[in-house]
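Welcome, and thanks for taking a look at this one. Please have the sequence and the 3D view open side by side as you read.

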Amino acid sequence: MNDTNESPRSRLIRETAVLQLKLLADGIRDAILIPLSIVAALLGLVEGGKNCDEKFRRVVKLGRRSERWINLFGEQQPLNVSHPAGSIDNILNQVESVVLDQYRKGRSAAETRAAVREAMKDGGQKPPGETEESG
């Protein structure tokens, strides 16, 4: 959602909010990967053998995929451009679109939450602005 009519202040607020959400996701990912990688390495050391690093490599691969999904500073290619959950950016854009649409229609916070949940459940199949009432 990059409107050319958007003011620099609005753009700054939006970009700051997006970065904070991505930093939060990145931090949660790190909090999960730290113990997971240690456990995988310890299991490999205990099991030994030629492929003792297999579990650890799988955790690293998961970390790389999650890094692409979060795309903290906008430098990564999305995992799957056509899929609505191909990146956190896709999800945030979809949520923003629904929220702005609901705001323009004067909907309540509860109606907006329901519309966001519905959009996430549909996986982005409905075009922005299309709701059950308008369909």
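Here is a short tour, from the overall fold down to single residues.

This is a predicted model, so please read every value below as computed from that model. The protein has 4 helices and 0 strands, and along the sequence the pattern reads α-α-α-α. The points below begin with the fold and a helix pair, then turn to the core, the charged pairs and a few individual positions.

**Overall fold**

- Of the 135 residues in the protein, 24% are buried.
- Taking contacts between residues at least 6 apart in sequence, 48% link residues at least 24 apart.

**The pairing of α1 and α2**

- Two packed helices are described by the angle between their axes and the distance between the axes.
- Helix α1 covers residues 8-47 and helix α2 covers residues 54-70; their axes come within 8 Å and cross at roughly 170°.
- Angles over 145 degrees count as roughly antiparallel, and α1 and α2 are therefore roughly antiparallel to each other.
- On the α1 side, the contact is made by Lys 22, Ala 25, Asp 26, Arg 29, Leu 33, Leu 36, Ser 37, Ala 40, Ala 41, Leu 43 and Glu 47.
- On the α2 side, the partners are Lys 55, Phe 56, Val 59, Leu 62, Gly 63, Ser 66, Glu 67 and Ile 70.
- Sorted by class, this contact of α1 with α2 has 10 nonpolar, 3 polar and 6 charged residues.
- Val 39 also sits in helix α1, and at 46% relative accessibility Val 39 counts as partly exposed.

**The nonpolar core**

- In soluble globular proteins, nonpolar side chains tend to be buried together.
- Here the largest nonpolar core has 6 residues, namely Val 18, Ala 25, Ile 70, Leu 72, Ile 88 and Leu 92.
- Helices α1 and α3 each supply at least two residues of this core.
- Ala 25 and Ile 70 belong to this core and are also part of the contact between α1 and α2.
- Which residues does Leu 72 touch, leaving aside neighbours within four places in sequence? Leu 72 is in contact with Leu 19, Lys 22, Leu 23 and Asp 26.

**Salt bridges**

- How many salt bridges does the count come to? The count is 7.
- Arg 29 pairs with Asp 26 in one of these salt bridges, with the closest N and O atoms 2.6 Å apart.
- Arg 29 and Asp 26 lie 3 residues apart in helix α1, so about one helical turn separates them.
- Both Arg 29 and Asp 26 are buried.
- Glu 47 forms a salt bridge with Lys 55, where the closest N and O atoms are 3.2 Å apart.
- Glu 47 of α1 and Lys 55 of α2 are both listed in the helix contact as well, and Lys 55 is partly exposed, at 32% relative accessibility.
- Asp 101 forms a salt bridge with Lys 105, with 3.4 Å between the closest N and O atoms.
- Within that pair, Asp 101 is buried, with a relative accessible area of 15%, whereas Lys 105 is partly exposed at 34% relative accessibility.
- Shared partners join the salt bridges of Asp 26, Arg 29 and Asp 30 into one network.

- Asn 71 lies in the loop between α2 and α3, the latter being residues 88-104.
- Phi of Asn 71 is near 50°, a positive value in a residue other than glycine.
- Is Asn 71 buried or exposed? Asn 71 has a relative accessible area of 7%, and residues under 20% count as buried, so Asn 71 is buried.
- Ser 87 is placed in the loop between α2 and α3 too, and Ser 87 is buried, with a relative accessible area of 3%.
- Although Ser 87 and Asn 71 are 16 residues apart in sequence, their C-alpha atoms are 7.3 Å apart in space.

Note on methods. Residues are numbered from 1 along each chain as its sequence is written. This is a predicted model: local features need pLDDT of at least 70, side-chain atom pairs count only at pLDDT 80 or more; totals for chains, interfaces and linings use all residues. Side-chain values use heavy atoms; hydrogens and water are left out. Axes are lines fitted to C-alpha atoms, for helices over the stretch in contact, and angles run from 0 to 180 degrees between N-to-C directions. Angles under 35 degrees count as roughly parallel, over 145 as roughly antiparallel, 65 to 115 as roughly perpendicular and the rest as oblique. Contact means heavy atoms within 4.5 Å. Ala, Val, Leu, Ile, Met, Phe, Trp, Tyr, Cys and Pro count as nonpolar, Asp, Glu, Lys and Arg as charged, and the others, Gly among them, as polar. Buried means under 20% relative accessible area, exposed over 50%, partly exposed in between (1.4 Å probe, protein chains only). A nonpolar core is a set of buried Ala, Val, Leu, Ile, Met, Phe, Trp, Tyr and Cys residues joined through side-chain atoms within 4.5 Å. A salt bridge is a side-chain nitrogen of Lys or Arg within 4 Å of a carboxyl oxygen of Asp or Glu.
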